[in-house]
Amino acid sequence: MIQLYNVSKIYPNEVKALNDITLHVKKGEFVFLVGPSGAGKSTLTKLICREELPSRGQVIVNGRSVVRMKNREVPYLRRKIGMVFQDFRLIPNKTVFENVAFALEVTGASRKEIRRVVPSVLRMVGMEKKVNMRPAQLSGGEQQRTAVARAIVNNPVLILADEPTGNLDPDNSWELMKLFMDINRRGTTILMATHARDIVDDMKKRVVQLENGTIVRDEEGGVYGHDV
Ligand SMILES: Nc1ncnc2c1ncn2[C@@H]1O[C@H](COP(=O)(O)OP(=O)(O)OP(=O)(O)O)[C@@H](O)[C@H]1O
């Protein structure tokens, strides 16, 4: 699903965010990306969805080189990737329904399709009773569940989550993780950058640890680690 070969990223200000990373993630895997602040976790996720280009190396997502990809092909890549962020990033003046529907509208989905798909996705994340609320009227947990609904509404093959529990209390964090586990069980690959030690320790998934832009640990059934 994701193959990175000898990837380095140097930002224009000369900061070397990633240094010769080689990483393979198979379809259906659930991978935690851990490491101290500034280790390069967000940069890695940005290379996968082509928000940034690598300075060196190759990035293959779902069988396609995102480095060689033309700009006009990027929207098709993004449709295959559901993204979830720490700060939710919902559109403030749209309702829950409209926020999720918007992700379908931009793909050219018909009204009929939207009326069919959006309610079922909102049911899946437990937001069916709040379809007409706006983000400001929702709790953090509800906002994030709406963001997850938006991320999965196009049936992505991959979910990239950048510290998705960062603004949630422990109960809401666990609710969110259950949702991600559910989505993963249905076959969607998940790559999640996180500082949530308890969650990583409990879930015993593959853990990739970054430090100063290099992978210092890649462990199946791993824990968060003592030296992070
Ligand atoms: N757009 C940018 N321009 C210049 N430097 C950047 C840019 N984005 C990130 N960096 C730098 O690259 C390094 C890696 O940053 P990155 O955001 O990938 O780390 P991170 O592991 O996600 O950190 P955190 O856990 O705090 O989110 C840091 O030194 C950061 O300051």
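1. In this predicted model, 11 residues of domain 1 are in contact with 10 residues of domain 2. On the domain 1 side, helix 6 (residues 170-185) supplies the largest share of the touching residues, namely five. Sorted by class, that side of domain 1 has seven nonpolar, two polar and two charged residues.

2. The bounds of these domains come from the domain assignment of the protein chain. Domain 1 is made of two stretches, 1-80 and 156-227, while domain 2 covers 92-154. The distance between the C-alpha centres of domain 1 and domain 2 is 24 Å.

3. Helix 3 (residues 96-105) has these buried residues: V96, F97, N99, V100, A101 and A103. What do the buried residues of helix 3 pack against? Their partners are helix 4 (111-124) and helix 5 (140-152). An α-helix has 3.6 residues a turn, so residues three or four places apart point the same way.

4. There is an open sheet of six strands, with mixed pairing and the order 6-7-8-3-9-10. Strand 6 (81-85) and strand 10 (214-219) each have a single partner strand, so each stands at an edge with one side left without a neighbour in the sheet. On average, neighbouring strands of this sheet are turned by 15° against each other, direction ignored.

5. Strand 3 (residues 30-34) and strand 9 (residues 206-211) run parallel and are joined by four bridges. Opposite V31 stands R206, in strand 9.

6. Another open sheet has four strands in the order 2-1-4-5, and its pairing is antiparallel. Which strands are at its edges? They are strand 2 and strand 5 (64-65), each of which pairs on one side only. As background, strands of a sheet pair through backbone hydrogen bonds, either parallel or antiparallel.

7. Strand 1 (residues 2-10) is joined to strand 2 (residues 16-25) by six bridges, and Q3 stands opposite H24 in strand 2. These two strands form a hairpin with five residues between them. In the turn, E14 has a positive phi of about 80°.

8. Strand 1 also pairs with strand 4 (residues 56-61), through five bridges and in antiparallel fashion. Here Y5 has Q58 as its bridge partner in strand 4. Strand 4 in turn is joined to strand 5 by two bridges, again antiparallel. In that pair V61 stands opposite R64 of strand 5.

9. Which residues surround the ligand? They are Y11, N13, V15, A17, G35, S37, G38, A39, G40, K41, S42 and T43. How do the residues of the shell divide by class? Four are nonpolar, seven are polar and one is charged.

Conventions. Residues numbered from 1 in each chain as written. Predicted model: local features only at pLDDT ≥ 70, side-chain atom pairs only at ≥ 80, totals over all residues. Near = placed C-beta within 6 Å. Nonpolar A, V, L, I, M, F, W, Y, C, P; charged D, E, K, R; others polar. Buried ≥ 20, exposed ≤ 12 C-beta atoms within 10 Å, placed from the backbone. Contact = placed C-beta atoms within 7 Å. Pairing = 2+ DSSP bridges. Axes fitted to C-alpha atoms, helices over the stretch in contact; angles between N-to-C directions. Domains from an automatic or database assignment.
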